[in-house]
Amino acid sequence: MASRFVDRAVIHLTAGDGGNGCASVHREKFKPLGGPDGGNGGNGGDVLLIVDPNVHTLLDFHFRPNARAGNGKMGQGGNRAGAAGETLELRVPSGTVVMTEDGEILADLVGPGTTFVAAQGGRGGLGNASLASNARKAPGFALLGEPGESRDLVLELRSVADVGLLGFPSAGKSSLISVLSAAKPKIADYPFTTLVPNLGVITAGSTVFTMADVPGLIPGASEGKGLGLDFLRHIERCAVLVHVIDCATFEPGRDPVSDMDALEEELARYTPSLGGDLADRPRVVVLNKIDVPDAAELAEFVRPELEARGLSVFEISTATRQGLKELTYALAAVVEKYRAEQPEPEPEKVVLRPMAVNDAGFTVEHDPDEEGAFIVRGVRPERWIRQTSFGNDEAVGYLADRLQRLGVEEALAKKGAVPGSPVTIGDVQFEWEPSTPAGVAVHMSGRGTDVRLENNNRIGAAERKEARRIRRDGPDGAEDETDDE
């Protein structure tokens, strides 16, 4: 039967879009000037990754890699704001590393409840009630909601274990973890029986620690041979690395010392992406299967050479349980020492980084693809572009006012922009026309219009009213009525 353990998955996340704001005017009998009452749109839902101690694999993401949070609702008249989109919570096992497709680590999720915002929901647009000011009493427009963030992320599970068992295939690692803990890994007399890491919890006196059985390694594992490249990452967090050596092997050219040296060479070639160096981790050597007479003699022969390297060596037999008690307490002592040497975890501090006084929040650059054109980059200008409905002239005029107050026009002038120069902000390119100087009041005009826009092809309210009259009375309806009088 195929394994159901999955320790790597690529997920495609989309946060919720923000709801559009509402452009509405309060209408009530005997109150002709009710004022704007359009509500704000709701914010889009976020996509969160949360560590759940009851989840042990990334299997769910393997079969369902696409996830999307709820969209925010649109605002409504009567100052009714739209509801926020539903946040999507995705449960991941402890030890999950979140990376970009390029391999950049974004988060290392360890410990129950640890949360990472994988995709940020879009902001809801403001309604015209929130956009009203002394200069613009009744805005005839509202802001659009921002689209939610879309991201493709790579999740990798790296086991959280204190002790990692290393060794060639069929060295007895699965047997060892099965007799020391309640873990029940698959055990058979052929190579690569273990295809997935197995975790076991071991108690030695007052010390409780976890042990990981990593699938068998072979020379070249750090380059992808065998199963090594897929599972070497599971030993990155281990405090102690245990070499389990098969002293009863009959393969020619193999002996306990050469087996350990071959695996040490693979560990030296492997670079942990979480930092640190595997060469600094304590080592323990386990000479296994001494219940076989020839294996016991070989273990006794090579033990002095290994101890001369400063290694702790234990002779054991998982079949007769010989030497297991000594090994268990020795591992507990090494784990306790490693834990004591680790720095005390500090509580997370909230760091506030205010914007610098001289930080404009945007940059103006020459467009390398078009002569005489410019590109404006910045969080606020690009967000304002996404929020603007370019089918509404008054909304476009409001955008021009915001960019002018931010200093974009002044920066463009300093860069050499002239009226008519192509300017790109976000996904929109337009011809730059200088607005009113700073400090001059906004031009007053009808709702939904802006006198600064020369090419206004939008049908106004008066034209629509005249068109309705013509459809009702005909083109000569008004003249016939005058003649009758």
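A salt bridge here is a side-chain nitrogen of Lys or Arg within 4 Å of a carboxyl oxygen of Asp or Glu. Keep that in mind as you click around. You're looking at a predicted model, where local features need pLDDT of at least 70, side-chain atom pairs count only at pLDDT 80 or more, and totals for chains, interfaces and linings use all residues. Residues are numbered from 1 along each chain as its sequence is written, and side-chain values use heavy atoms, with hydrogens and water left out.

**Stop one: Asp 162 and Arg 339**

Select Asp 162 and Arg 339: their side chains form a salt bridge, at 2.8 Å from N to O. This pair ties together distant parts of the chain, 177 residues apart. Asp 162 sits in the loop between β8 (150-157) and β9 (163-166), while Arg 339 belongs to helix α7 (residues 324-341). Helices (H or I, at least four residues) and strands (E, at least two) are DSSP runs, numbered from the N terminus.

Which of the two is buried, and which is partly exposed? Buried means under 20% relative accessible area, exposed means over 50%, and partly exposed is in between (1.4 Å probe, protein chains only). Asp 162 is buried at 17%, and Arg 339 is partly exposed at 35%.

Now pick Arg 469 and Glu 466, whose side chains make a salt bridge of 2.9 Å, N to O. Both are in helix α11 (residues 461-473), three residues apart, or about one turn of the helix. Glu 466 is partly exposed, at 37%.

Arg 309 is partly exposed at 40%, and so is Glu 305 at 41%.

Then select Arg 136, Glu 394 and Asp 401 together: salt bridges link them in a network. How many salt bridges are there by this rule? The count is 18.

**Stop three: Thr 424**

Finally, jump to Thr 424 in strand β17 (residues 422-425). Thr 424 is buried, with 16% relative accessible area. Show its side chain and that of Gln 429 to see a polar contact of 3.2 Å. A polar contact is a pair of N or O atoms within 3.5 Å; within protein, one must be able to donate a hydrogen and the other to accept it, and residues adjacent in sequence count only if both atoms are side-chain atoms.

What else is in contact with Thr 424, leaving aside neighbours within four places in sequence? Besides Gln 429, you'll find Asp 367, Phe 374, Ile 375 and Val 376. Contact means heavy atoms within 4.5 Å.
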